[in-house]
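Colleague: I am new to this entry and would be grateful for a guided reading. May I put my questions to you one by one, once the sequence and structure are before us?

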Amino acid sequence: MTSFTPYSALAGGLLIGLAATWLLLFNGRIAGISGIINGLFSNRSDRSWRAAFLVSMIVSAALIFHYTPVQFAARTDFPIGALILAGVLVGLGTRLGSGCTSGHGICGIGRLSRRSIVATACFFSVGVITALVSRHLLGVG
Amino acid sequence: MGKLLSAALAGALFGAGLTLAGMVNPLKVLNFLDLAGDWDPSLALVMGAGLAVTLISFRWVLARPQPIVAAQFNLPVNKQIDSRLLAGAALFGLGWGLAGYCPGPAIAALSFGTSEPWIFVAAMLAGSLAGRCLDA
């Protein structure tokens, strides 16, 4: 059970939108996390900005997590097999579908890309169905 | 140097936003996707607020001839809505709805001192590599 947190959700969403705006305005890049990660392994010439973005994202998340009241009790009972399966599906799916929640959802829709609108509708629908089935029928999560 | 600094600043804003919004907690994500449980609408506000910014700002940014510290905008050129896009998005939705992690929050949560994000990210990189091999 988690409670509805409208103010921190809105503030966090605004920061994510600002981050995406910043990266496009200054670096001319789409702030899609799966794309930024995948480029680390495929494109030797522009690895450094990707690494800078990701390392900085991890550090800032750590600071907010450890030094503000947003801390939460970590989930400890999620089956490891399901966690690994989910990770593989997310990695494979974002590679084939060229994006994730940030790349398609925040940035792609932000520039009114039809591909991103379709992809976002698709992964949200499948995500809802999967959560319903895995939690209520399979008892996972 | 300018490129690295501005990318790092964007990353810092992104990580702060994800964490502040609670999206780094997979249970909060699952409690949004699971409409039949104790529904937590927070994720809708995160997406809504993020989109409210980008829908306006991107139009303004992309009207510029070029970005500030790079030579040109690097935007996706593929406009095809094909089976590959749909299959990829569906597989992603399957993994997301199962564990509650998408790539950003999983990476951001690596520093929280728990093992879950590490296992998920390792599996995610393996899945991404497998997808790359499918292309080759």
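**Two loop residues of chain A**

Colleague: In which loop does Ser98(A) lie?

Modeller: Residues are numbered from 1 along each chain as its sequence is written, while chains are lettered from A and ligands numbered from 1 in the order of writing. This is a predicted model, in which local features need pLDDT of at least 70 and side-chain atom pairs count only at pLDDT 80 or more, whereas totals for chains, interfaces and linings use all residues. Helices are DSSP runs of H or I of at least four residues and strands are runs of E of at least two, numbered from the N terminus. On that basis, Ser98(A) lies in the loop between α4 and α5 of chain A.

Colleague: Is Ser98(A) buried or exposed?

Modeller: A residue is buried if 20 or more other C-beta atoms lie within 10 Å of its own, exposed if 12 or fewer, and partly exposed in between, with C-beta atoms placed from the backbone. Ser98(A) has 22 other C-beta atoms within 10 Å, and therefore it is buried.

Colleague: What is the phi of Leu112(A) near, and is this residue buried or exposed?

Modeller: Leu112(A) lies in the loop between α5 and α6 of chain A. Its phi is near 55°, a positive value in a residue other than glycine. Because it has 11 other C-beta atoms within 10 Å, Leu112(A) is exposed.

**Helix α5 of chain A**

Colleague: How many residues of helix α5 of chain A are buried?

Modeller: The helix spans residues 101-110 and is largely enclosed by the rest of the structure. Its buried residues pack against α1 (6-27), α2 (33-42) and α6 (114-137) of chain A, together with α3 and α5 (103-108) of chain B.

Colleague: At what angle do the axes of α5(A) and α6(A) cross?

Modeller: Axes are lines fitted to C-alpha atoms, for helices over the stretch in contact, and angles run from 0 to 180 degrees between N-to-C directions. The axes of α5(A) and α6(A) come within 8 Å, and their angle of crossing is roughly 150°.

Colleague: Into which classes do the residues of the contact of α5(A) with α6(A) divide?

Modeller: The contact is made by His104(A), Gly105(A), Gly108(A) and Ile109(A) of α5(A) and by Arg115(A), Ser116(A), Ile117(A), Ala119(A) and Thr120(A) of α6(A); two residues are in contact if their C-beta atoms, placed from the backbone, lie within 7 Å. Ala, Val, Leu, Ile, Met, Phe, Trp, Tyr, Cys and Pro count as nonpolar, Asp, Glu, Lys and Arg as charged, and the others, Gly among them, as polar. The residues of this contact therefore divide into 3 nonpolar, 5 polar and 1 charged.

**The two chains together**

Colleague: Which element gives the largest share of the side of chain A that touches chain B?

Modeller: In the complex, 98 residues of chain A are in contact with 105 residues of chain B. The residues on the side of chain A divide into 60 nonpolar, 31 polar and 7 charged. The largest share, 21 residues, comes from α1(A).

Colleague: Is Gln66(B) buried or exposed?

Modeller: Gln66(B) is found in the loop between α3 (42-61) and α4 (83-99) of chain B. Not counting residues up to four places away in sequence, it touches Ala71(B), Gln72(B) and Phe73(B). Because it has 10 C-beta neighbours inside 10 Å, Gln66(B) counts as exposed.
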